[in-house]
Amino acid sequence: MDNNTGSKDKNISTVPADAAGAEAAAEQAEAQSIRAQKAAGRRSRSAGGKKQGDNTLVKNASFLMVAALVSKIIGMLYKSPLSSTLGGKSFALFQYAQNAYFILLMIASFSIPQAVSKVMAEKIAFKKYRDAQRVFYCSLAYAVIAGGAAAAFCVFGASILVPDNMANARLALQMLAPTIFLSGILGVFRGYFQAYRNMLPTSISQIIEQIFVAIVALTMSGVMIRSHANEGAEIAERWGAAGATMGTGAGVLSALLFMMLVYFLNWKIIKRKVARDTYSTNESYSVLMKSIVLIIMPIILSAFIYNVNGYVNSYMYTGIGGMRGMDQDLLQVLYAEYGYFMTLINIPLTLASTAPMSMIPEVSAHYAQNDIEGANRKTERATWLSMFISIPAAVGLAVLAGPITRLIFPVTNGAAGNLMILGTITVILNGNSNISNGVLQGIGKPKIPMINAAISLVADIVVMAILMAITNFGVYNIVIAMIVYAVVMCVLNDRAMKKYMGYQNPWKSAYMAPLLSSVPMALTAGGIYYLVYSVVHSNFISLGISVMFAVVVYLLCYLIFSKATDEELRQIPGGSYLVRLVHMLPFKR
């Protein structure tokens, strides 16, 4: 396509044509050629391109972070009344069904957006729009087949996924079968626009999805409990959990309809790009399908192994706990507390994972062009952005764990707050490992994080089994095992990135300033909360005031400790406002 055509299409919502990523160059980063590739990268990269690339990365990450924050806040807020409606036992059934569903979702479609964006970005990078479109069609076919098989297993294999002592969660899991099927198709559409480096449709669809999840889950859980109230408490609990899972299906359906609408609104532009394409080789669908499967399967398998530890830990907790004679009601109540903890901690965990999602095509582009230094620079930028959010979030949640859990989940018995204090370190660890996973996949090394995840999973299972056998820590064992898993994953991925990219984790620039800034922030948050609470005796007011002061203290301290330039600050979501604030401050950086 000529330059004039590219400029005409630039303002359309389908996005610029300079998307990135190339599997063909994935094997070029052997350790012996790193220095030469770095030198080539320096010569080939202009200052203007560097700035534009950084801005694109931050803009895409910002879209995803804002959407993730909004959707997770909605998810957190609706689970508060949902936990009250369901009660502890029914909420535990709902949470267990969600964990089992998550496993099937990973197998069927969890990493499809990343995989599709990567395969399509290969074609788009060389203006092969017709071949990219064929990849899209093949991906849809794959999603239908894989999603259909996983949905069928969800219905007929529920007894395998859910142990007997949690058998009442099986109905809720079976209700999620249509959701699994639709999720794969939704993932293909999201991956399509991500391949063009347009994260806005995905971001909006995430918010729409969560709104429908909240509305339908709250409505149907109440309807189901009332409808079966006369059939006994156990049956009402089972149907209440099933009603709550209906919200997940409604959310996925609404998001899919939105993404399809965006696609068809852009159909004329898509068609024009394909018609003007003179670079495509018109690869056969059979060849493309084989290529998609070969690339998707390692990524999905890696994501499966990477995330399956939560389900395995839950299965071991309920199974071994039951064998040791743990009271069934207590087991479910404590598992509900674990569900409260995961609901809260998933907000910063999700924010920390958005940077790698927008980063994979960027890193792939530099790596494909032998620009290892550029790939490392993008990785450092994503790490810096992730830690800027993850570290203060982890510290803040630990300091205010009790008040936050009591505010969001009034039915808690206090265990969720204790789990939060213990488990917030996983926010930082998972932020690090999510980025390294994304980078290794982006440079064509998807098997490495898969192998590392498998090793980490073995360590997790061993620790979990030992703790369940010789201690009475109960549900706390799940969080301890989570920490072990995350530590092993971080260490192994870091070694792999050093080997294939010569990458050095930017401990000083990315970690030190947020960590130092979080100390006075924590003192401020805790001190102001308990001071205000002693006067007004309101958890909500005390938390609101303490959080506002804590944010201000963190930002001010970060500006002092980081000595960030105006250009660096503008790369933070909302950074232009920080720059204005800096120029109003009396101190100089």
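A salt bridge is a side-chain nitrogen of Lys or Arg within 4 Å of a carboxyl oxygen of Asp or Glu. By this criterion the structure, which is a predicted model, holds 3 salt bridges.

**Stop 1: Arg-170 and Asp-164**

Select Arg-170 together with Asp-164. The two form a salt bridge in which the closest N and O atoms are 2.8 Å apart.

**Stop 2: helix 8**

Select residues 177-195, which make up helix 8. At 1.5 Å a residue, its 19 residues should span 27 Å, and the end C-alpha atoms lie 28 Å apart, in agreement with that expectation. Of these 19 residues, 17 are buried, so helix 8 is largely enclosed by the rest of the structure. Continue just past the end of the helix to Arg-197, which takes a positive phi of about 60°.

**Stop 3: from helix 8 to helix 9**

Because Glu-209 belongs to helix 9 (residues 200-227) and Arg-190 to helix 8, the pair ties together parts that are 19 residues apart in sequence.

**Stop 4: helix 19**

Move to residues 476-501, helix 19, and select Lys-498 and Asp-494, which both lie in it. These residues are 4 apart, about one turn of the helix. A salt bridge joins them, the closest N and O atoms being 3.5 Å apart. Lys-498 counts as partly exposed at 38% relative accessibility, while Asp-494 is buried, with a relative accessible area of 15%.

**Stop 5: aromatic side chains**

Next, colour the Phe, Tyr and Trp residues. How many aromatic pairs does the structure hold? There are 25 aromatic pairs. One of them joins Phe-136 and Tyr-137 in a tilted arrangement, 5.7 Å centre to centre with 50° between the planes. Phe-136 counts as buried at 2% relative accessibility, but Tyr-137 is partly exposed at a relative accessible area of 35%.

A second example is the tilted pair of Trp-507 and Tyr-511, 4.7 Å centre to centre with 40° between the planes. Both residues lie in helix 20 (residues 507-536), 4 residues apart, about one turn of the helix. Here Trp-507 is exposed, with a relative accessible area of 51%, and Tyr-511 counts as buried at 10% relative accessibility.

**Stop 6: a charge over a ring**

Select Lys-273 and Tyr-129. The charged end of Lys-273 sits over the ring of Tyr-129, 5.0 Å from the ring centre.

**Stop 7: cysteines**

Finally, display Cys-138 and Cys-490. Cys-138 is buried, with a relative accessible area of 3%. Cys-490 is also buried, at a relative accessible area of 10%. How many disulfides does the structure hold? The structure holds 0 disulfides.

Key: Residues are numbered from 1 along each chain as its sequence is written. This is a predicted model: local features need pLDDT of at least 70, side-chain atom pairs count only at pLDDT 80 or more; totals for chains, interfaces and linings use all residues. Side-chain values use heavy atoms; hydrogens and water are left out. A disulfide is a pair of cysteine sulfur atoms within 2.5 Å. Buried means under 20% relative accessible area, exposed over 50%, partly exposed in between (1.4 Å probe, protein chains only). Helices (H or I, at least four residues) and strands (E, at least two) are DSSP runs, numbered from the N terminus. The expected span of a helix is 1.5 Å times one less than its number of residues. Rings of Phe, Tyr and Trp (its six-membered ring) pair if their centres lie within 6.5 Å; planes under 30 degrees apart count as stacked, over 60 as edge-to-face and the rest as tilted. A charge sits over a ring if NZ of Lys or CZ of Arg is within 6 Å of the ring centre and within 35 degrees of the ring normal.
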